Amino acid sequence: MKDKIEKLLFSTKSLAFFTALSALGLLLSYSVRYGYVFVDTALFENASFIFYLFSILCTAYLFVMLCMKLKNKSCAKSKLMNFFAVICEVAGFLLVIYSLIAVITDRGMSIASARALLEKALPIWCAVFGGAFFIFIFPQLKSVKFKKAISVVSVCVLLFLTYASLFPVVPYSFTSGPAVFDDGNGSYSVVFSTNDKGTGFIDYTYDGKEIRIYDENNGRKNGQSIIHTVKVPKEQLSQNTYKVGSTRVIDELSYGGRLGKTIESETYTFNDSFGENINVLSVSDWHTFNKKAELATEKLGDEYQAVVLLGDCAPGLMSDRDVVDYILKFASDLTKGTMPIIYTRGNHETRGTEAIKLADYLGMDSFYFTTSIGDYDIIVLDSCEDKEDSHPEYGGMVDYKQYRTEMVNWLNGIENDDNDKTIVFSHSKEICIEEDLSDSALHKIQSINTSLLVSGHEHIYNFDNSGSLPTLVDGGIDSNGNGTYVASLIKLSPNHIEILCIDNDGNNVVNDNIEWKN
């Protein structure tokens, strides 16, 4: 038994396996560190970080012991070193298990965040462990054939990486079709994406002239993004056809540079000329489950003329690809680039490194604004986060109380002198987490004869017409049981508003209507 334990835990092969496992655990744990805050809240501040530092020491210890084994050092066989080795092996195993649990417990919704963090850490991880392997382990290998094989593979990898740093290795292509966002400021933002950095543009004809507008800032084309945002005056895009395109940017320098292939899309026909009867598709809280949400919208049919995205596309925005995959692709699939989108920010779009860039990506000056759909007035509000600014989930990176105060002050300046038919969209039906601000906002939207408040956030479907402000909570993921999705169709007509909510299995869960206030 003793020999079996020795072979299982302390042989050269076992040490090599546990060293590699521990090193992998470091990479994986670093990639899912967005979950550290929850562990720290349950244990104590910086508990996860302390364990991570301890795991680094454990990995280093296993590596040193492996080197000693390869060199047949007698001290590598001591009971004390074996005792510490067992602790380090267990720590490495726990690190991998923790990483897997972190992904499984949120049903894979944070995989995109983990991927973004992994991609940032991978070059350093490869440099550290690759360098350590070739300096300390490689010379000790006894098999000449094995050493030659490793050398050949390494050279091939280096040659490929060198080539990839100088020339594109995959064809340039679109990764999302265009999505047309109402910016609340008299323009449409046409947003699309590509698989590599490039300059974006839109082509259309207006007043008999061919027009090309670039994604640019003060005359400088934006060539350092995979997301391309082009602002077009509403009157120029309305009832018009257009194409989008992009030119790959291989190298952008202070002097000169290199451009690659230019690609162009098919022609899209944009329709925002509404009649009296308008169907508005409303979706909320899809949390990376695009397909499930799209299936629910299919059950509602395709007879809608505008789309409202009520927010919470993913747990957070840790890379530009999160914006592409869970906002742009989703929006483009629902609209095919042919109708306007009203975007309402959810509390999860306020998190992650890309949250600060989201307004620029979508071409919006603000996440609260007024606009209209045909003859019906729209007010979009931004409830931001659902906890106090000091909450540890936000890492000291938010100042939303002041932002909400400014929004409510702006809201209180809105008037509805003509008694226009008005709907308010907000991710949270409370509008603000501060009770005084929430009361002020709700009182104001009632005072201007708002006929309907549409929200999400709660992952339930509910239409409450019992009070002075009819409120629809627009379903989302898991809102009719685990694994379900509920989407809504809001049918606007001169006399009333009809509300229809259906889940992804085709179950009709809400079918009601209300009269307009006037």
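1. Arg212 has a relative accessibility of 38% and therefore counts as partly exposed, a class that lies between buried, under 20% relative accessible area, and exposed, over 50%, as judged with a 1.4 Å probe on protein chains only. Because Glu264 lies in strand 8 (residues 257-264) and Arg212 in strand 3 (residues 209-214), the pair ties together parts that are 52 residues apart in sequence; helices (H or I, at least four residues) and strands (E, at least two) are DSSP runs, numbered from the N terminus.

2. On the basis of these values, please keep in mind that this is a predicted model, in which local features need pLDDT of at least 70 and side-chain atom pairs count only at pLDDT 80 or more, whereas totals for chains, interfaces and linings use all residues. Residues are numbered from 1 along each chain as its sequence is written, and side-chain values use heavy atoms, with hydrogens and water left out.

3. How many salt bridges does a search of the whole structure find? The search finds 21, and one of them joins the side chains of Arg115 and Asp325 at 3.7 Å, N to O. Since Arg115 belongs to helix 6 (residues 111-137) and Asp325 to helix 10 (residues 320-335), this pair ties together parts that are 210 residues apart in sequence. Arg115 is partly exposed at 32% relative accessibility, while Asp325 is buried at 17%.

4. A salt bridge of 3.8 Å, N to O, also connects the side chains of Arg351 and Asp386. Arg351 sits in the loop between strand 12 (340-343) and helix 11 (358-362), and Asp386 in the loop between strand 14 (376-380) and helix 12 (400-411), so that distant parts of the chain, 35 residues apart, are linked. Salt bridges with shared partners bring Arg351, Glu385, Asp386, Lys387 and Glu393 into one network.

5. Thr297 is placed in helix 9 (residues 290-300) and, at 5% relative accessibility, is buried. Apart from neighbours within four places in sequence, Thr297 is in contact with Leu281, Val283, Leu334 and Ala487, contact meaning heavy atoms within 4.5 Å.

Conventions:
Salt bridge = Lys/Arg side-chain N within 4 Å of Asp/Glu carboxyl O.
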